[in-house]
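Please open the model in your viewer and keep the selection tool at hand.

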Amino acid sequence: MTLGHDTRRLLAGPTLDGDPERYPAHIARLGALRAGAADRDIIGSLEASGLLGRGGAGFPVGRKWRALADRGGKSSAVVVANGAEGEPASHKDRILMAHRPHLVIDGAILAAEAIGADEIVFYVGREHEAALSAMKSAIAERKADLGRRAKLVQAPLGYVAGEATAVVNAINTGKGKPTTVPPRVSERGVGKKPTLVQNVESLAYAALIARYGDAWYRTAGRLGSKGTALVTVSGAVKDAGVWEIELGTPVGEVAEEAGATVARTRAVLLGGYFGTWANASDAWALPMDPATMKSAGLAFGCGLLWLLPTASCGVWATAQIMEYLADASAAQCGPCLFGLRAIADANTRLAAGRPTAGDLALIERLIPQTVGRGACHHPDGAVQLMASALHVFGEDFAHHARTGVCLVTSTPTGVR
Amino acid sequence: MDRRPKELKPTGLKLRIDWILCDGYSLCSPEAPDVIDLDEWGYPIIRPGPIAECELKDAKRAVGACPMSALSLVPLDFDKRS
């Protein structure tokens with residue numbers, strides 16, 4: 001799908017209702033990667049492009065590659081193409097892998113050459129069936145390029161299985177649970193080798209920047225932003241799906257293109273379950289861009305735009321998410337295991353019309369207490385979402401707590 | 001120049017918990033109550049920032065008290081993630 005004029009790059013080419021793009025079609029459309037990465041200084045181009053990682057954390061891609069390329073010693077390294085899209089409402093990684101697998105493979109090959117890696121792991125969520133089968137066939141088509149250095153690993157189910165240390169742990173041991181840092185995966189990762197874990201969308205953009213350059217990448221973008229990104233639009237919209245937008249495109253424009261209106265939208269969830277709620281009226285003009293959103297206290301994250309309709313209760317919607325995130329804890333760290341469970345329970349009691357005294361105060365106290373107290377950032381992301389819910393749905397939470405009745409639905413449960 | 005008395009000067013060390021190892025035995029806090037609090041499940045809450053010279057002895061005792069070896073004294077930038 002396109003917005004205004006056609007800005008599709010990763011999603012240019014055949015429509016997304018068909019089969020994965022095969023290798024002959026891929027090179028007919030884009031040309032083969034030149035042999036050897038020396039033709040273009042790919043790390044320099046990535047740095048100049050401003051491309052930020054699209055797994056959620058938004059770390060600059062060029063700087064990440066540079067740090068690994070500059071590592072001391074002569075140890076070989078590993079590239080992991082991270083295609084474990086555990087975020088339930090996001091679909092952009094699985095759509096990309098299912099339809100443009102060769103862009104992901106191109107990017108992984110470039111990364112391996114740039115950082116001196118002799119092993120590439122394509123790590124794909126086992127529940128992403130179309131993506132798995134497309135990647136499997138595409139890897140087979142690329143035997144000449146990949147040789148024996150590539151393998152496909154199915155990621156275990158679970159929200160945290162895509163976190164970098166969990167990715168490495170899953171590849172090494174089969175357990176998709178985070179590990180304690182240090183060691184960082186860039187120092188000791190897959191097979192104890194320095195490892196670059198990079199989201200598949202980031203790799204696919206690297207494949208295009210290698211062909212066309214950083215200046216080309218920056219020709220797209222609006223309101224001062226540069227570049228393009230995949231976003232998932234879902235929730236209260238007619239045409240839910242994955243879109244490729246120019247960075248800087250206002251939230252409302254993306255939402256309206258998918259069939260939503262600000263009048264019928266109560267709030268938007270931005271960036272994923274680790275992201276933030278925002279009032280629809282506040283967010284409608286907000287440019288979708290990592291830097292702008294960050295300065296507004298919001299998150300671009302994995303590019304999720306999820307819409308809550310005016311007829312729905314934010315307390316209830318948040319309870320659903322907090323229940324999911326509490327259950328998604330790897331159950332390794334006490335403050336995450338017990339803290340998120342206590343927050344989710346209190347939120348659910350509030351949403352379900354059976355609040356106990358102090359539920360709201362408990363949530364408010366546990367939010368700051370939980371931050372930073374886990375091996376990974378799962379608890380931090382979860383309480384950030386909770387904090388934004390109290391901010392955006394403050395009146396709703398207070399009304400649920402005081403009366404046991406929902407402001408929106410006028411029933412005790414927040415559900416009609 | 002740092003003109004604080006020696007015992008208040010920061011040591012450049014902090015207490016760090018390996019959260020995967022920590023099982024909430026709660027034995028650390030009584031050894032260093034000024035630096036370590038406990039949450040309602042018995043897991044430690046470390047006061048942010050470096051340990052001062054005068055707190056070092058307590059902090060070391062707390063480290064030694066942990067049956068899981070989950071607590072350690074480390075340089076301030078020890079667990080920077082990237």
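Is B:Ser26 buried, exposed or partly exposed, and how many other C-beta atoms lie within 10 Å? The model is a predicted one. Select B:Ser26 in it: this serine is partly exposed, because 16 other C-beta atoms lie within 10 Å, whereas a residue counts as buried at 20 or more and as exposed at 12 or fewer. B:Ser26 belongs to the loop that runs between β1 (13-17) and β2 (36-38) of chain B. Its phi is near 70°, a positive value in a residue other than glycine.

**Chain B as a whole**

Next, select the whole of chain B. This chain contains 1 helix and 4 strands, and along the sequence they follow the pattern β-β-β-α-β. The radius of gyration is 13 Å, close to the 12 Å given by the globule rule for 82 residues, so chain B is as compact as a globular protein of that length. Along the principal axes, the C-alpha trace of chain B spans about 40 × 35 × 20 Å. Buried residues make up 23% of the 82 residues. Among the contacts in chain B between residues at least 6 apart in sequence, 66% join residues at least 24 apart.

**Where the two chains meet**

Now display both chains together. At their meeting place, 12 residues of chain B are in contact with 14 residues of chain A. On the side of chain B that touches chain A, the residues divide into 6 nonpolar, 2 polar and 4 charged.

**Chain A as a whole**

Select chain A alone. Its secondary structure comes to 18 helices and 9 strands. How does the radius of gyration of chain A stand beside that of a compact globule with 416 residues? Such a globule would have a value near 22 Å, and chain A has 22 Å, which agrees. The C-alpha atoms of chain A fill a box of roughly 70 × 45 × 35 Å along the principal axes. Of the 416 residues, 56% count as buried. Contacts between residues 24 or more positions apart account for 70% of those in chain A with a separation of 6 or more.

**A pair of helices**

Select residues 92-99 of chain A, which form helix α4, together with residues 200-212, which form helix α9. The axes of these two helices come within 9 Å and cross at roughly 50°. The helices α4(A) and α9(A) are therefore oblique to each other. Which residues make the contact between them? From α4(A) come A:Lys92, A:Asp93, A:Leu96 and A:Met97, and from α9(A) come A:Val200, A:Glu201 and A:Ala204. By class, this contact has 4 nonpolar, no polar and 3 charged residues.

**The open sheet**

Move to the sheet of chain A in which 5 strands stand in the order β6-β5-β9-β7-β8. The sheet is open, and the pairing of its strands is mixed. Which strands stand at the edges? They are β6 (241-246) and β8 (276-279) of chain A; each has a single partner strand, so one side of each is left without a neighbour in the sheet. From one strand to the next, the twist averages 30°.

Within this sheet, select strand β7 of chain A, residues 265-270. The strands β7(A) and β8(A) run antiparallel and are joined by 4 bridges. As an example, A:Ala267 has A:Asn279 in β8(A) as its bridge partner.

The last stop is the loop of chain A between α8 (164-173) and β4 (195-199), where A:Pro182 is found. A cis peptide bond joins A:Val181 and A:Pro182, with omega about -5°. A further cis peptide bond joins A:Pro182 and A:Pro183, with omega about 5°. A:Pro183 also lies in the loop between α8 and β4.

Finally, select A:Lys192, whose place is likewise in the loop between α8 and β4 of chain A. Although A:Lys192 is not a glycine, its phi is positive, about 65°. With 13 other C-beta atoms within 10 Å, A:Lys192 is partly exposed.

Terms used:
Residues are numbered from 1 along each chain as its sequence is written. Chains are lettered from A and ligands numbered from 1 in the order in which they are written. This is a predicted model: local features need pLDDT of at least 70, side-chain atom pairs count only at pLDDT 80 or more; totals for chains, interfaces and linings use all residues. The radius of gyration is taken over C-alpha atoms; the globule rule is 2.2 Å times the number of residues to the power 0.38. Two residues are in contact if their C-beta atoms, placed from the backbone, lie within 7 Å. Ala, Val, Leu, Ile, Met, Phe, Trp, Tyr, Cys and Pro count as nonpolar, Asp, Glu, Lys and Arg as charged, and the others, Gly among them, as polar. Axes are lines fitted to C-alpha atoms, for helices over the stretch in contact, and angles run from 0 to 180 degrees between N-to-C directions. Angles under 35 degrees count as roughly parallel, over 145 as roughly antiparallel, 65 to 115 as roughly perpendicular and the rest as oblique. Two strands pair if DSSP finds at least two bridges between them.
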